[in-house]
Protein chains: 2
Amino acid sequence: MVDPRLSVINARLNRISRIIAVSSGKGGVGKSVVATTLAFALARCGCKVGLFDLDFTGPSTHIILGAHQVQPKEEKGLIPPTVDGLEYMSLIYFVGDNPTPFRGEDTSNALIELLTITLWDKLDFLVIDMPPGIGDAFLDLVRLIHRIEFLIVTTPSMLAFETVKKQAELLCEQKMQIIGLIENMKADKSESVELGTRRLGLMYLGAIPFDPQVEEAIGKPQKLMQTSAAEALRKIAETAILKGKNQR
Amino acid sequence: MVDPRLSVINARLNRISRIIAVSSGKGGVGKSVVATTLAFALARCGCKVGLFDLDFTGPSTHIILGAHQVQPKEEKGLIPPTVDGLEYMSLIYFVGDNPTPFRGEDTSNALIELLTITLWDKLDFLVIDMPPGIGDAFLDLVRLIHRIEFLIVTTPSMLAFETVKKQAELLCEQKMQIIGLIENMKADKSESVELGTRRLGLMYLGAIPFDPQVEEAIGKPQKLMQTSAAEALRKIAETAILKGKNQR
């Protein structure tokens, strides 16, 4: 029997113009900070934006947002709270702060449930903080959500890029739409990630400088948006994402 | 029916004195570099050491070792090649350099297979580079390998530590043996990870300084062992791991 929730999911996402999945083949590259900052950057360009944390290995955008006091409202589904102007929903509302050893099937089920019951408003963008890697949760999301556009995050480290490359190749094989690749926490002038990205046939969207102020701005969105990292992401949002929107 | 391979696994690991699982609730904290460097540090103290890369989200120790030309030898099982004095085995010999979207069950199966067919020599230590997080592969390893001792790696970032904390709590709940926690890539004097570790009732084993030379030493084990990171790990190996051995 087909799970009846599956047909509900894309109906739920119907009023969202674009769905951007911030992904990384490797954890710890700053994916969650990039997703959160990007959501704010798009909002500051006048768009209505949602942020959806589906990182099963450890949701963390609520820490970045400092959103400890908010909860979704129940009303024939879950209505995402508004946090600093973003519609916000996270897996953390399901799992709480406890350790959550999800097995493959539980992950699929929790994911389907969360996608089914969340009632997003009409949005220009939904930014998803994806699970890292290409495990169950990642594969399920790719299967469940249509019209997904991938934004891939790496760091300058070759260890990170080698792993990220595999994810990118997998997405290319599956003919998924990839906006491009962002090089996060850049501290030198090396061009190896940029060259490697072009070799994959993907757009290199730019580098986000390593900025120690980002760590201090965790939990303080206003401060986060004043970092040089936020400024770099704002430019990427304008040139690669909003411009992309007009061209569609 | 019980998988007959399951009883073989612990027989295979019988000739290994101690099994150390280098783990992290979060990816990208430098777990693979710590595992590799620790394996070398133990070897330089005169121990016979194996390094086993079971990071399903992206095996990378072969890149750190620069071990591109070696392959395990088949002989009623797989005999790990020797790389710079370490017995070495990696998932990469199974999956190759292709993207590997393992589903939960495939992961379990690949893991069981790899544990069953690898013929380790008599070893003082087997250092395992664990999959990050607490997903299927991690849970399977905890279930399949007895006598496992955990070494948990975090960075100073509160985002990393919050996720790592959950993994530590899960291991504590399951009464697993935890050697302690290592704070990797430390660049300032903040004590929050140390205090947080003690609050969990765990040993804080020390900090490994952030050292840009580590990135340059990827693929060059000799150079890696000359970094300040390796020096810090050597001390941790001596005080927390080898000393622990004498006390047992």
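Predicted model: local features only at pLDDT ≥ 70, side-chain atom pairs only at ≥ 80, totals over all residues.

Biologist: How many residue pairs are in polar contact between chain A and chain B?

Modeller: There are six such residue pairs, both residues being at pLDDT 80 or more. By contrast, the count of salt bridges between chain A and chain B is zero.

Biologist: Which helices of chain A supply residues to the side that touches chain B?

Modeller: Helices α3 (61-65), α6 (136-144) and α7 (158-173) of chain A each supply at least two residues. The largest share, eight residues, comes from α7(A).

Biologist: And what kinds of residues are on that side of chain A?

Modeller: They divide into 14 nonpolar, 13 polar and eleven charged.

Biologist: Changing topic, how many salt bridges are there over all chains?

Modeller: The count is 30. One of them joins the side chains of A:Arg5 and A:Glu113, at 2.6 Å from N to O.

Biologist: What does that pair tie together?

Modeller: A:Arg5 lies in helix α1 and A:Glu113 in helix α5 of chain A, so the pair links parts that are 108 residues apart in sequence.

Biologist: Is A:Arg5 buried or exposed?

Modeller: A:Arg5 counts as buried because its relative accessibility is 17%, and buried means under 20%. A:Glu113, at 29%, counts as partly exposed.

Technical notes. Residues numbered from 1 in each chain as written. Chains lettered and ligands numbered in written order. Heavy atoms only, no water. Salt bridge = Lys/Arg side-chain N within 4 Å of Asp/Glu carboxyl O. Polar contact = N/O pair within 3.5 Å; in protein donor to acceptor, adjacent residues only side chain to side chain. Helix = DSSP H or I, 4+ residues; strand = E, 2+ residues; numbered from the N terminus. Nonpolar A, V, L, I, M, F, W, Y, C, P; charged D, E, K, R; others polar. Buried < 20%, exposed > 50% of the residue type's maximum accessible area, 1.4 Å probe, protein only.
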